[in-house]
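Hello, and thanks for passing this one along. Please have a look at the model below, and then at my notes on it.

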Amino acid sequence: LAHTPQLALNDISHSESPSTKGIIMGIFKILRDAFNAAPIYNPFYDLLQVYRHPLQTFAVAFWMALMPLAILFQLVTWFCPLLWPYWLWIKFDKAPVRGGRVYKWAREALIWKYFRDYFPVQVLKTAELSPTRNYLFAAHPHGILPMGLWCNFGTEANNIAGLYPNLDFFTCTLESNFTIPFLRELMLSLGLIPVSEESIRYVLEKTGQNAEKKGKRASVIIDVVGGSAESLDVRPGTAQLTIKKRTGFLRLAIETGSDLVPVFSFGENELFSQVDNPRGSLLRFIQETLKKCIGMSPTLFWGVSIKGPDWGFLPRKISITTVVGKPIRVQKKTEATDEDIENLKKIYIRELTKLYDQYKDKYAKDRKEDLKIVA
């Protein structure tokens with residue numbers, strides 16, 4: 001709105017004398033600055049921003065609604081005998097622990113480009129990756145929902161296959177997601193696999209330098225190390241990570257000889273706010289108890305509504321930049337010792353911190369605090 005009068009003024013001013021033009025420009029600048037400084041919510045402007053790009057909003061809303069709609073459909077299909085054979089097939093289908101069923105058309109679907117442009121999301125490559133070796137991307141932060149990681153590695157919205165040619169990408173998610181009808185098929189088509197030792201080990205031991213046949217494409221596993229536990233510490237302007245007790249990804253990297261790559265997504269924690277849940281509070285106790293029971297930490301979060309900055313469940317339109325660090329070379333061992341794991345963890349934390357410090361002033365200018373490892 002502030003720019004429209006400027007365009008009109010430029011057209012009119014051609015017929016005015018220089019002194020008149022200066023006066024008009026001065027008055028307009030005062031009015032413009034006063035308008036921009038005034039704490040006035042203009043709903044028409046927010047509506048314009050949303051409906052100017054309705055497909056972007058739809059893409060993100062669709063993604064947000066996938067899980068609850070799929071779970072609702074799951075409850076309905078329990079009572080539909082015609083779908084019982086599908087349930088039986090789900091139970092015995094080994095695709096989730098055998099690398100999925102990836103389809104190029106699913107990863108390159110147009111909807112993911114609209115999803116990307118909503119924020120927008122970008123990926124920053126800092127080093128080349130050899131197509132003959134396997135990699136384990138250890139990613140942070142989880143955020144309320146890891147939207148940047150989904151967009152960059154679970155789809156081809158940012159041409160990740162072009163950035164790192166001859167590598168196949170597999171993003172880890174909760175094992176329980178693969179029991180949900182039809183949603184599991186979408187996840188498998190995008191290269192998502194369960195975050196389990198069996199599924200990760202299968203991919204890393206059958207491809208790249210571990211492949212029985214030479215020339216087989218190498219693989220990249222994307223593991224959001226902090227998991228849903230890390231989402232409980234999400235606050236805009238902060239980066240509180242869960243690493244201290246996480247050793248599974250380190251053990252797998254050593255025992256499969258896969259190089260470890262630190263990955264940090266700036267902007268991920270700014271997409272949503274959540275109800276205060278400090279450690280030791282009743283709410284935190286309930287959330288951590290539920291995590292032990294169902295494998296995930298429910299968060300009470302909010303973002304914006306479809307018509308603007310009002311309360312709602314859409315993420316804020318904040319740029320996300322996923323920075324992929326330099327690989328840490330890992331020597332393969334048949335069995336990783338506790339000492340091996342601790343040594344690798346120290347190197348990983350050092351490299352992750354260095355990566356964050358290198359880019360924080362560019363992509364986290366408004367941060368309230370620097371990276372902290374809290375658990």
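1. Ground rules. This is a predicted model, in which local features need pLDDT of at least 70 and side-chain atom pairs count only at pLDDT 80 or more, while totals for chains, interfaces and linings use all residues. Numbering starts from 1 along each chain as its sequence is written, and side-chain values use heavy atoms, with hydrogens and water left out.

2. Salt bridges. The whole structure holds 28 salt bridges (a side-chain nitrogen of Lys or Arg within 4 Å of a carboxyl oxygen of Asp or Glu). One of them pairs arginine 201 with glutamate 255, at 2.8 Å from N to O. Arginine 201 belongs to helix H11 (residues 197–206) and glutamate 255 to helix H13 (residues 248–256), so this pair ties together parts 54 residues apart in sequence. Helices (H or I, at least four residues) and strands (E, at least two) are DSSP runs, numbered from the N terminus. Both arginine 201 and glutamate 255 are buried; buried means under 20% relative accessible area, exposed over 50%, and partly exposed in between, with a 1.4 Å probe and protein chains only.

3. Arginine 284 and aspartate 233 form a salt bridge, with their closest N and O atoms 2.9 Å apart. Arginine 284 sits in helix H14 (residues 282–294) and aspartate 233 in the loop between helix H12 (227–231) and strand E6 (240–241), so the bridge ties together parts 51 residues apart in sequence. Relative accessible area is 3% for arginine 284 and 7% for aspartate 233, so both count as buried.

4. A neighbouring pair, and a network. Glutamate 351 bridges to arginine 350, with 3.5 Å between the closest N and O atoms. Arginine 350 is partly exposed, at 49% relative accessible area. Elsewhere, salt bridges with shared partners join Glu197, Arg201, Glu205, Arg251 and Glu255 into one network.

5. Nonpolar cores. Which residues touch the most other members of the largest nonpolar core? Among its 34 residues, they are Ile221, Phe249, Leu260, Phe264, Leu344 and Tyr348. (A nonpolar core is a set of buried Ala, Val, Leu, Ile, Met, Phe, Trp, Tyr and Cys residues joined through side-chain atoms within 4.5 Å.) Elements giving two or more residues include strand E2 (135–140), strand E7 (259–266) and helix H15 (338–363), and H15 gives the largest share, seven residues. Apart from this core lies another, of 32 residues, including Trp150 and Leu192.

6. Helix H14. Its 13 residues should span 18 Å at 1.5 Å a residue, and the end C-alpha atoms are 18 Å apart, which agrees; the expected span is 1.5 Å times one less than the number of residues. Just after H14, glycine 295 takes a positive phi of about 85 degrees.

7. Threonine 207. This residue lies in the loop between H11 and strand E5 (218–224) and, at 10% relative accessibility, counts as buried. A polar atom of its side chain is 2.7 Å from the backbone oxygen of valine 203. The side chains of threonine 207 and serine 219 are joined by a polar contact of 2.9 Å (N or O atoms within 3.5 Å, one able to donate a hydrogen and the other to accept it; residues adjacent in sequence count only if both atoms are side-chain atoms).

8. Cysteines. The structure holds zero disulfides (cysteine sulfur atoms within 2.5 Å). Cysteine 80 is partly exposed, at 25% relative accessible area, whereas cysteine 151 is buried, at 1%.
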